[in-house]
Amino acid sequence: MVTFTIDRQEVQGEEGQTILEVAQAAGVEIPTLCYHKLLSPYGACRLCVVEVVAGGRPGLQTSCTYPIEEGLEVLTRSPAVVEARRVVLGLMLSRTPNVEAIQDLAREYGITEPPFPTDTPEERCILCGQCVRTCDELVQAHVLNFSERGIERRVGPPFLEKTRLCIGCGACAIMCPTGAIETVLEQDAVYREKPLGPTSAIWVPSLQAVPRVPVIDTDACIRFRQNDRSEGEIADACGACQTLCEAGAVDFTQQDEIIELDVGAIIVATGFEMWDPAKLSQYSYGKSPNIVTGLEFERLSNAGGITGGDILLDNGKKPERVAVIHCVGSRDHNAHEYCSRICCMYSLKQAHLVKDKTGADVYEFYMDMRAFGKGYEEFYERIQEEGVMMVRGRGAEVEVLPDGKLRVKGEDANLGRVVQVDVDMVVLSTAIEAPHDVEQVGAMFGLGRSPDGWFAESHPKLRPVETNTDGVFLAGCAQGPKDVPDTVAHAGAAASMALALLDKGEVTISPATAVVNEELCSACKTCISLCPYTAISFLEDKNVANINEALCKGCGTCVAACPAGAITGRHFTTEQIMAQIEGLFRLPVETRVEEVEA
Amino acid sequence: MSTSKAEQYRVDVLVCTCPACTKAGAPEMEQALKSEVGRRNLADEVRVVETGSRGFCSMGPIVIIQPEGILYCQVGAADVPEVVEETLVKGRVVERLTYKEPETHKAVPYYDQIPFYGKQMRVVLRNCGLINPMSIEEYVAVGGYQALAKALTVMTPEEVIAEVKKSGLRGRGGAGFPTGRKWGFARSAPGDVKYIVANGDEGDPGAFMDRSLMEGDPHAILEGMTIGAYAIGAHEGHIYVRDEYPLALRNLNAAIEQAREYGLLGQDILGSGFDFEIKITRGAGAFVCGEETALMASIEGRAGNPRPRPPFPAQSGLWGKPTNINNAKTWANIPLIIDRGADWFSQIGTETSKGTMIFSLVGKVNNTGLVEVPMGITLRELIFDIGGGIQDGKQFKAVQTGGPSGGCIPADLLDLPVDYEHLKDAGSIMGSGGMIVMDEGTCMVDVARYFLDFLKEESCGKCTPCREGIRQMLAILTRITEGEGEMADLAQLETLAHVVQDASLCGLGQTAPNPVLSTLRYFRDEYVAHIEDKKCPAGVCRALIEYTILEDACTGCGLCRRKCPQEAISGEKKKLHVIDQEKCIKCGVCFDVCKFDAVAVR
C-alpha cells in the first residue's frame, strides 16, 4: 500500500495506481475529458491537473497519468489548479463553442462565453483521443489516429481516407465525449426481426426472455470477430462488457456442451421461420425501413420493443396510412404454394392495433379471409366495423417513392379494377416456412418431409403427431403451419403419445423384422445408410451391423441390398418364398391352360 | 591515411567544409587549391585536409595553415595562386586575407591571437576544424579513444558514474539536469535491457552547435556514448539526427563504420567483453522531436508526440525499457572528463554550472559563429569581446538566449554571468546555447510574435494549453503589432502565458511563453507604445511605421521614385521627393536603395 495525501487528507492506494484512480475511489471530484477507465491514460486535455506540493515532481501534473508515491502531497483545488482549469476550459470553449459538455464544464468555472475569438463554430472535436485509443486498445482495429500537428491536428483513418479496415463497430462514436463522431450506415438501414433495429453484440433478446440474461452474438462481437482475424489466436480485443460487469458474469471461454442422453421418445418441435420477402422484389422489402414483416410489426408494437409499443415510422412519427398485404410468399407459385394459415387473423389484429394506437387509415389487401377458428369470424366483422378498409385482391407491388412514401398497387376484385394507394407503412404478412436446416434435422431423426417442406406425419388425417420412425413425434409448426390454439392441441397430443409409449414399458412390434447373421456380415455398412427407419447401427466391438427390432419395419431393403447375403427378413426368408412359389406351381396346371385356350 | 604519412608533409592546409563555408564557395576554392598544388608539384609536401567548422562562420570560407597557425578569411578560388606562392612556398603572410580587428583594422594573421578565439576555451570543440572527421586515425592521433580504453580497462561502471557526478556536468540539451545523477537512475533501474540515446535533433532555428560536433568530430560523440553505455549497462545506443543535417548523418555513419572496423564498437570492445552497438535514426522535420519522450516515440516509429512524465525515461523509455538520453554535446564532454579527470573539469565554470558551454552567437554582432566559453563568462564579454560588438556601430538592445523559447535579456543585465541559474533568474534559459543579439532596430514585440509563430507551427497539438494557448497568444500579439491592441490584451496575454507555462504537457509548451513574459518584463514600454501610441519605436511593425523622406538629405535623384513598387513617391528632379502614405505599403525598398540616408522610418 502507498500512503499519501490529497487535499491534506491521508489516502491509500495500490502501487501502480494513479492519483486520479485513488481520488475517484475516495470520492474526490476531479474533472476529466480525455480520461476513460477502460483506456490507457493520455494526459492531453489537462483538465485533471492537480498541484504536487511535496514528495514528487513539483507543479501542476495530470492526475490521470501520475503514479502515486509514498509521501506525495497533492492539492486538487489550489489557486493554480483552478486558474489552469479555468483558462484551459476557456480555450476549449473557444475552439468548440457549441458543444454542450464543454459549455457545462466551463460554466462551473465561471465561463459563460468563449473568451477568445473562434473561427470554427461547428467544431466538435476536442482532440481528446478517446476514439483513437478505443479503436487501438479495445477494438484493436487500429484504424483511427491523429494526423498533422499543432492546430491542424485531426483524427481519422490513414490519409483521412475511407478504409475497409474499419469494421463499423461504432465504438468510437459511443466513447466520444462531445458527440463529434457520427456512424453512418452505408446501405439503408434494414430492420431485422430480433430486435428491431441495430443493437450491440451483447443484448437481452427480449424483456420476456427466459432466463432474462444477456447473450453475446459471436458473429457481431468484436472480440470474437478479431479471433477470426488473428487466425485462431484468442484476441484480447475489447472485453468491455467483462470489465464493466460488476458481478463478473461474463465468461468468454464458454464452450458448446454436448450432452448425451439415452431416451425412449423424442418430440420434434422445431417450429418455423419467416420466409424472406426480399425474394420477391416487387414488395421492395429492404428498400425502406417502413416496410416490415408481420413478425417485425409484432416487435414494433410490443411494449418491450424499441419504441415502447408505439407504432412509429423510421422518422419517429406516427403513420397516417398503413397497408397490410396478405399472402406474401404464400399461395404463390413463385414462392410457397401453401397457405400459411396464421396470417389472416394476425393481420386483422395488427390492423386493429394500428387503428387503436395511431388512428391511421388501414388498408388490408387480401385474397380470401381465413377466419376458421372459434370467434375468428366475429373478430373479422368487428375489424371491418372499426373502419379498416378491405381490398379484395392481392397486393401486387410496393413502390418506394422519392419522398419515402410507399405506393401499394393491387387489383380490387370486387371493383374489378387495379387500385393503388400511397401509405406511410406497409406490413407484409409474410409466409412461414420450415426452418433452413430442416433437412439436417430430418436426417438426424429419420424424418421425411411432405411436399410443402414441413416434416411428414404418419398419416395426414389419422396420425397427425406420429412419424414413420417409432418413438419420434411431431409438435406444433414443425408438422405444418398452425396457430396457437391448434399448436397447443397438437403438442398435447404429441406429449400424450410419448407418455403412453414410455408408460407402457414395452412396445409391440411386428415379428416381420430383419436380422443380421453376424458370421456372414462383412462390415461394408451398405445397409445402414439405406434403412429409411434408421433401424440399423454398427457395433464397433463386434465389427458387424445390428438391427434394432423395435425400429425395423420389415421393409426388406437391407435384405435385398446386403452384398454378403447376411441379412434375413424374418417370415420372408428365401426358403419361405421358394416354398410359396413351388406351392403355386403345384396347382392343377391343365385346367388353367385349357381355360386360357378356350 | 595513417599518422606516419602525416609526418612526411611539410604543411597542412585545413579547409573548412561546413555548410556555411560551402555556400560561400569553399568547394571551388578547395578544387583550385588542389590543382594549384598539383601544378606546382607540391603534392608531396602540402596536404589539403577537409575539416569541420572552426566556428568563425561570418568569415568563411576559412583556411587554416598548420603548423604556422595562420588563418585566412573569405578565401576564394581566385586567391589560391597567391596563397600557394606566398605562404606555402615562400612562407609569407598574405595580409589582405587575414582577419582585421573591426576598430583598428589591424591584421591578425595568427589564429590564436584573434580575439574571437582568444577568449574562448575550445575543449569540447577541440577537434573541430583541426582534424579530418572522416578519419578515425586522426581522432586517435589527437588522443581519441584513450578515455574509452581507460574506462573499460581500469574503471568499473560505478566509478565512471562517480567521476561524471563529481565533475558536475549538467545536461547540455537545455534542462541542465546533473548528468551523473541521471546515469545513476538508469543504472539502478531494474532490468537487463537498457538503452542510451544521443539527441542530435537540434531544432532551434539558427542553432548549429550539435551539427558542428556531429560533422566535425563525430567520434567524440561515439566515444562518449560508449563510455556511458558501459557505465549504465546498456548494449544498444541510438543517435537521433535531424534529417536536415545530411553531412552530420554521413560523417556519423562513416565514423560508426570505422569504429566497428577498429573494434571500438560492436562485440567485445577492446577485448573488454563489453558489447555495444549504435544505430542512427533520422528525424522527419519536427522541432517537437527534440523533446525526449517525443524523440523516443519517433525512434520507435510512432508519431513524435510527447507523453507525460513521470514515468521518466530512466524508468521507462525506449520500448518501455530504462533509457538514458543526453544531448550530443553532453556526450562529447564525457571523453574529456574521463581523460582529464573530474577535478580538471570542475575547475572550469561557476559553483553551480561546471565546464564550458558552446553558444551559437548570431544576430547583430560583428563576429557571428560558434563559440565555446567557460560557464560564468559575462554576456558583455561574449558579445563585445568575442563577438566584436554590434554591427554598423549600432546600440545593443537585447540578447535572446536559449533558442525560440528563450527569454530576452536587456542591456542593463549585460554583466550577467552566463550559467543556468543566472539565466533562469533573469527570465530566460540556457537552452541548447542559442544567443541572438539584437540592436535598436529590433522590435521586441515583433520578436515575441515571431517566435510564438514558430512554436505554433511546431507544437504537436496534443495538449490544450500549448495548442490553443499559443494560438491565442499569437493572435493577441499579431493584433498588437497591427495597431489593434488594447491594454486589456496585456493582462490576458500574461494570464495565458502563465497557464501555458504551468499546465502544458512538455517543455515546448512550458517554455513557449518565455519570449512573451521576458519582453513584457523588460520592454513593457514598447508594448504600451504599440497599444496606446500605435507606434513601433524600433520601426519594424509595418502597420505602425511610416516612411518619410528627410528634407535636408534628399537630393531629388529620383531613385526611390523609380523603385517604389506602388508608385507612391512623387517628386521632380533635384527637388524633395514625397511619399504618399495612402499608397505606401511599407516595403522598405526606398529605405534600402537611398544612397543618401534620406529615408527615415518612424
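Colleague: Which residue in E5(A) does A:Ile6 stand opposite?

Modeller: A:Ile6 faces A:Val74 in E5(A). Keep in mind that this is a predicted model.

Colleague: What makes E1 and E5 of chain A a pair of strands?

Modeller: Strands pair if there are at least two bridges between them. Strand E1 (residues 2-6) and strand E5 (residues 73-75) of chain A are joined by two bridges and run parallel, so they count as paired.

Colleague: Where do they sit in the sheet?

Modeller: The order is E2-E1-E5-E3-E4 in chain A, an open sheet of five strands with mixed pairing. From one strand to the next, the twist averages 40°.

Colleague: Why are E2 and E4 of chain A said to stand at the edges?

Modeller: Strand E2 (9-13) and strand E4 (59-62) each have a single partner strand, so one side of each is left without a neighbour in the sheet.

Colleague: Which helix lies across E3, E4 and E5 of chain A?

Modeller: That's helix H2 (residues 79-95) of chain A, which runs at about 160° to E3(A).

Colleague: Over to chain B. Why is B:Thr226 called buried?

Modeller: Its relative accessible area is 1%, and buried means under 20%, so B:Thr226 is buried. The residue is in helix H11 (residues 218-232) of chain B. Leaving aside neighbours within four places in sequence, B:Thr226 has contacts that include B:Leu148, B:Ile269 and B:Phe274.

Colleague: How do you know that A:Lys553 and A:Asp470 form a salt bridge?

Modeller: The closest N and O atoms are 2.7 Å apart. The cut-off is within 4 Å, so the pair qualifies. The two are 83 residues apart, with A:Lys553 in the loop between strand E24 (544-547) and helix H14 (557-561), and A:Asp470 in the loop between helix H11 (438-445) and strand E21 (472-474) of chain A.

Colleague: Are those two residues buried or partly exposed?

Modeller: Partly exposed, which means between 20% and 50% relative accessible area. A:Lys553 has 36% and A:Asp470 has 40%.

Colleague: What about B:Asp210 and B:Lys329: buried or exposed?

Modeller: B:Asp210 is at 1% relative accessibility, and B:Lys329 is at 1% too. The limit is under 20%, so B:Asp210 counts as buried, and so does B:Lys329. Their side chains meet in a salt bridge at 2.8 Å, N to O. B:Asp210 belongs to helix H10 (residues 209-216) and B:Lys329 to helix H14 (residues 328-340) of chain B, 119 residues apart.

Colleague: How many salt bridges are there over all chains?

Modeller: The count comes to 56.

Colleague: And what makes B:Glu458 and A:Arg149 a salt bridge?

Modeller: Their side chains meet at 3.3 Å, N to O, and the rule asks for within 4 Å, so they pass. Across the interface of chain B and chain A there are two salt bridges, along with 14 residue pairs in polar contact.

Colleague: Which element gives the largest share of the side of chain B that touches chain A?

Modeller: H19(B), with seven residues. In total, 30 residues of chain B are in contact with 31 residues of chain A. The area buried between the two chains is about 2600 Å², and carbon and sulfur atoms give 57% of it.

Definitions and conventions:
Residues numbered from 1 in each chain as written. Chains lettered and ligands numbered in written order. Predicted model: local features only at pLDDT ≥ 70, side-chain atom pairs only at ≥ 80, totals over all residues. Heavy atoms only, no water. Helix = DSSP H or I, 4+ residues; strand = E, 2+ residues; numbered from the N terminus. Buried < 20%, exposed > 50% of the residue type's maximum accessible area, 1.4 Å probe, protein only. Contact = heavy atoms within 4.5 Å. Axes fitted to C-alpha atoms, helices over the stretch in contact; angles between N-to-C directions. Buried area = accessible area lost by both parts, 1.4 Å probe. Polar contact = N/O pair within 3.5 Å; in protein donor to acceptor, adjacent residues only side chain to side chain.
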